[in-house]
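Dear colleague,

I am passing on the structure below, and after it you will find notes on what came out of going through it. Please read them with the model open beside you.

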Amino acid sequence: LISTFVSGYQFAVSDQEIFIPYILKLQDPTLFQDDLLFSQFSANASFFYQIMAFLTKSFDMEIIFFLGYLTVKGFFFIGIYYLAKAFFKNKEIAYLSLLPFLIPKFIGGTATYTFDSFFGYRSVGMVFLVFYLIFLLRKEFIKSCLIAGIGLFFHPLSIIPSLLLVPV
């Protein structure tokens, strides 16, 4: 919650400008007729769009996205805590490891942050990546592969490079 107060929350920004239309088109296929955006691979690359289209048929999209943002961010911070605890084997250091994540920072040389100020499939994928790494460090390879497999359905780019660690 502190991180959200510090960094804020946004709706209909960045990648959402692309995937909100994906969600709207899934709800109503008559929208955006002949728009080339929907013929791209990315239009079908994540279950995130189908899940959000299903949920937003019954609930307001802005509320679903905000609650999704808080939920995913909570799991992200829980994951960072357990990841640090797996590395350092120390509860206090694990708590201290959360401090740098209160304010999102650019990931070197990209326009991507350590955590987005909006809800999207990349944030969901990042949570799966963090938990994948936790189970990998704990040598719980079945759980690690299961988490990675589920993560592939949300944001493949978060997981695919990390899957190379499994044979190691």
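P21 has its place in helix α2, where helices (H or I, at least four residues) are DSSP runs numbered from the N terminus, as strands (E, at least two) are. Before going further, please note that this is a predicted model, in which local features need pLDDT of at least 70 and side-chain atom pairs count only at pLDDT 80 or more, whereas totals for chains, interfaces and linings use all residues. Residues are numbered from 1 along each chain as its sequence is written, and side-chain values use heavy atoms, with hydrogens and water left out.

With a relative accessibility of 14%, P21 counts as buried; here buried means under 20% relative accessible area, exposed means over 50%, and partly exposed lies in between, with a 1.4 Å probe and protein chains only. Leaving aside neighbours within four places in sequence, P21 is in contact with Q16, F32, L37 and F38, contact meaning heavy atoms within 4.5 Å. From P21 to L31 there are 10 residues in sequence and 8.8 Å in space, C-alpha to C-alpha.

K25 also lies in helix α2, which covers residues 16–27, and with neighbours within four places in sequence set aside, K25 is in contact with L31, F32, Q33 and F38. K25 is buried yet has no salt bridge, and the nearest side chain of opposite charge, that of D28, is 7.6 Å away.

F32, a contact of both P21 and K25, is found in the loop between α2 and α3 and is partly exposed, with a relative accessible area of 32%. Most residues other than glycine have a negative phi. F32, although not a glycine, has a positive phi of about 55°, and D34, in the loop between α2 and α3, has a positive phi near 60°. D34 is exposed, at a relative accessible area of 76%.

**The nonpolar core**

The largest nonpolar core has 38 residues, and those with the most contacts inside it are F19, I23, F48, F65 and F119; such a core is a set of buried Ala, Val, Leu, Ile, Met, Phe, Trp, Tyr and Cys residues joined through side-chain atoms within 4.5 Å. The elements that give two or more residues to this core are α2, α3 (47–58), α4 (61–88), α6 and α7 (141–152). Not counting residues up to four places away in sequence, F19 touches F48, Y49, F65, F119, G120 and Y121.

**The salt bridge and its surroundings**

Which side chains meet in a salt bridge? The count comes to one, and the pair is E140 and K143, at 3.0 Å from N to O. E140 is found in the loop between α6 and α7 and is partly exposed, with a relative accessible area of 25%, while K143 is partly exposed at 44%. E140 and Y69 are 71 residues apart in sequence and 28 Å apart in space, C-alpha to C-alpha.

L137, in helix α6 (residues 121–137), is partly exposed, with a relative accessible area of 40%.

With best regards

Key. Lys, Arg positive; Asp, Glu negative; His and termini not counted. Salt bridge = Lys/Arg side-chain N within 4 Å of Asp/Glu carboxyl O.
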